[in-house]
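Dear colleague,

Below is the structure that I promised to hand over, together with its sequence.

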Amino acid sequence: MNNDDALALPALLLAASSALVDGIHAGTTARGFDDLRPAHGFAFARLAPAGATVSELAEHLGVTRQAASQLVDELIDKGYVERRPHPSDRRARLIVLTERGWACTRAADEAAAETIRPWAALLGEERLHALRNDLALIARPGHLRPTW
């Protein structure tokens, strides 16, 4: 790879990432979830499997525990998450998605598919699948952080 290609690659990856985030945000907003910012989606990605503590969410987002706690309070006020007793740690509280949070997550999944559909039309299914496989080799799984 020549130096020009090496310099262009990060900008192209970041532009594709921004297009994806913008598409998901626009799609969720169009589906009625207009009280969220893209950063909330990164929190939902961590909470969706089985919930998380505030400390786990803070680590996932790369923020302080206090900032994560404020984000959780905001999401509770909006009806997207709730605090529950932690199943194995009496001192901790588990933050989980409510039905509204799950509905927003499903809307985000639909919006992501809509955003990527033109990419498949442009690249073709085979090249898009190869791109996904290549990115899976270099991307750190499960490590999604917003660009604050």
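This is a predicted model: local features need pLDDT of at least 70, side-chain atom pairs count only at pLDDT 80 or more; totals for chains, interfaces and linings use all residues.

The secondary structure comes to six helices and two strands, and from the N terminus on the elements run α-α-α-α-β-β-α-α. The C-alpha atoms fill a box of roughly 55 × 35 × 25 Å along the principal axes, and of the 148 residues of the chain 29% count as buried.

As for the surface, the accessible area comes to about 9,600 Å², and 57% of that belongs to carbon and sulfur atoms. The chain carries 17 positive and 19 negative side chains, with the centres of the two sets lying 8 Å apart.

Turning to the interior, in soluble globular proteins nonpolar side chains tend to be buried together. The largest nonpolar core here has 22 residues, of which Phe44, Leu47, Leu75, Tyr80 and Val81 touch the most other members. Two or more residues are given to this core by each of α2 (38-47), α3 (54-61), α4 (65-77), β2 and α5.

The structure holds two aromatic pairs. In one of them, Phe33 and Tyr80 are tilted, at 6.3 Å centre to centre and with 50 degrees between the planes. Because Phe33 lies in the loop between α1 (3-30) and α2, while Tyr80 lies in the loop between α4 and β1 (81-85), this pair ties together parts that are 47 residues apart in sequence. Phe44 and Tyr80 also form a tilted pair, at 5.7 Å centre to centre and with 50 degrees between the planes. That pair links helix α2, where Phe44 sits, to the loop of Tyr80 between α4 and β1, 36 residues apart. Phe33 and Tyr80 are both buried, Phe44 is buried as well, and Phe33, Phe44 and Tyr80 form one aromatic cluster.

Leaving aside residues up to four places away in sequence, Tyr80 also touches others, including Asp35, Leu36, Cys104 and Thr98. Where does Thr98 lie? Thr98 has its place in the loop between β2 (93-97) and α5 (99-123). Thr98 counts as buried because its relative accessibility is 15%, under the 20% that marks the limit.

With best wishes

Technical notes:
Residues are numbered from 1 along each chain as its sequence is written. Side-chain values use heavy atoms; hydrogens and water are left out. Helices (H or I, at least four residues) and strands (E, at least two) are DSSP runs, numbered from the N terminus. Buried means under 20% relative accessible area, exposed over 50%, partly exposed in between (1.4 Å probe, protein chains only). Accessible areas come from the Shrake-Rupley method with a 1.4 Å probe; for residues, only the protein chains shown count as cover. Lys and Arg count as positive and Asp and Glu as negative; His and the chain ends are not counted. The place of a charge is taken as NZ of Lys, CZ of Arg, CG of Asp or CD of Glu. A nonpolar core is a set of buried Ala, Val, Leu, Ile, Met, Phe, Trp, Tyr and Cys residues joined through side-chain atoms within 4.5 Å. Contact means heavy atoms within 4.5 Å. Rings of Phe, Tyr and Trp (its six-membered ring) pair if their centres lie within 6.5 Å; planes under 30 degrees apart count as stacked, over 60 as edge-to-face and the rest as tilted.
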